[in-house]
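Open the model in your viewer and keep the selection tool ready.

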Amino acid sequence: MPLVTSKEIFQKAYEGKYAIGAFNVNNMEIIQGIVDAAKEESSPLILQVSAGARKYANPNYLKKLVEAAIIDSNLPIVLHLDHGDSFELCKQCIDDGFTSVMIDASHHPFEENIAITKKVVEYAHSKGVVVEAELGRLAGIEDAVNVSEKDATFTNPEEAAEFVEKTGVDSLAIAIGTSHGAYKFKGEPNLDFERLETITKLLPNFPLVLHGASTVMPDFVKLCNEYGGNIPGAQGVPEEMLRRAALLGVCKINIDTDLRLAMTAAIRKSLAEDPKNFDPRSYLGVGRKAIKEMVQHKIANVLGSSNTL
């Protein structure tokens, strides 16, 4: 099975009221853990590559690892560029074989965001590639994305409808209260579901996307801190809120921080319990297993995409 686009799987997800997990990948073990989980759960999958991942692992290596995952699993997998910040980067990824790209021009004024996004859409669609864009700005830090709380803005529903109409974009990342990184909420977690419902009414049957949607699972934070970590007060989006978002038209939920925490917690524990171990296959294997178990949980209990193939 070749790489697929998100268009078909999003339509099915929208109608079935579940979401597709979009997991950030950086190396072989992370890809293997995610793909093994999706295979066991019989779930479609989006593997996404950020600017930081491209710098760390080299785009050629990542693409070949994803191709290997498809051969091994025979799953419908989307290869997606996460937070592309320019037409040039999106074009490069499209030319390199990505089946989906995100152009994030949300830091520009509304009309400029439209112009940049439309340019990407026109090129991508000519090559059979789908495009995600962003309207509104999420606070937090993830790789090259760094937005302060004062610069964060929620998505305006009327602007969202106008944006989609003028750009021809295939999906839209919206800001309703999630944020990047491990410190998403200082107080009680809260998402603006009323805003989400308004956007859904203005954009019926249109795939919406949630970025910054890791739960920052407390067990992993606790494990990291028990074995030498220092991430106090980390807090993410409660899983019941993510499930509700999927029921209201969110078709793609991005998960990155939970992957990092699961792998890091497992490796920290493994090395602390066996300080003589210097075999990367051993401790990276433990990290891979932790990712698989966490992703299976997300697919089955949060995204709702189990047994949808």
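Select threonine 178 first. Its relative accessible area is 4%, so the residue counts as buried, the cut-off being under 20%. Keep in mind that this is a predicted model.

Now show the surrounding backbone. Threonine 178 sits in the loop that links strand 8 (171–174) with helix 8 (193–202). A polar atom of the threonine 178 side chain lies 2.7 Å from the backbone oxygen of histidine 211.

Next, switch to cartoon and pick out the strands. Eight of them form a closed barrel, in the order 1-2-3-4-5-8-9-10, and the pairing is parallel. On average, neighbouring strands in this sheet are turned by 25 degrees against each other, direction ignored. In general, strands of a sheet pair through backbone hydrogen bonds.

Zoom in on strand 1 (residues 20–24) and strand 10 (residues 250–255). They run parallel and are joined by four bridges. Select phenylalanine 23 here: across from it, in strand 10, stands isoleucine 255.

Last stop: select helix 9 (residues 218–226) and helix 11 (residues 257–273). Their axes are 8 Å apart, and the packing angle is about 35 degrees. The crossing of helix 9 with helix 11 is left-handed.

Show the side chains at this contact. Helix 9 contributes Phe220, Val221, Leu223 and Cys224. Helix 11 meets them with Leu261, Ala262, Thr264, Ala265, Arg268 and Lys269.

Note on methods. Residues are numbered from 1 along each chain as its sequence is written. This is a predicted model: local features need pLDDT of at least 70, side-chain atom pairs count only at pLDDT 80 or more; totals for chains, interfaces and linings use all residues. Side-chain values use heavy atoms; hydrogens and water are left out. Helices (H or I, at least four residues) and strands (E, at least two) are DSSP runs, numbered from the N terminus. Buried means under 20% relative accessible area, exposed over 50%, partly exposed in between (1.4 Å probe, protein chains only). A polar contact is a pair of N or O atoms within 3.5 Å; within protein, one must be able to donate a hydrogen and the other to accept it, and residues adjacent in sequence count only if both atoms are side-chain atoms. Two strands pair if DSSP finds at least two bridges between them. Axes are lines fitted to C-alpha atoms, for helices over the stretch in contact, and angles run from 0 to 180 degrees between N-to-C directions. A crossing is left-handed if the near helix is turned anticlockwise from the far one by less than a right angle, and right-handed if clockwise. Contact means heavy atoms within 4.5 Å.
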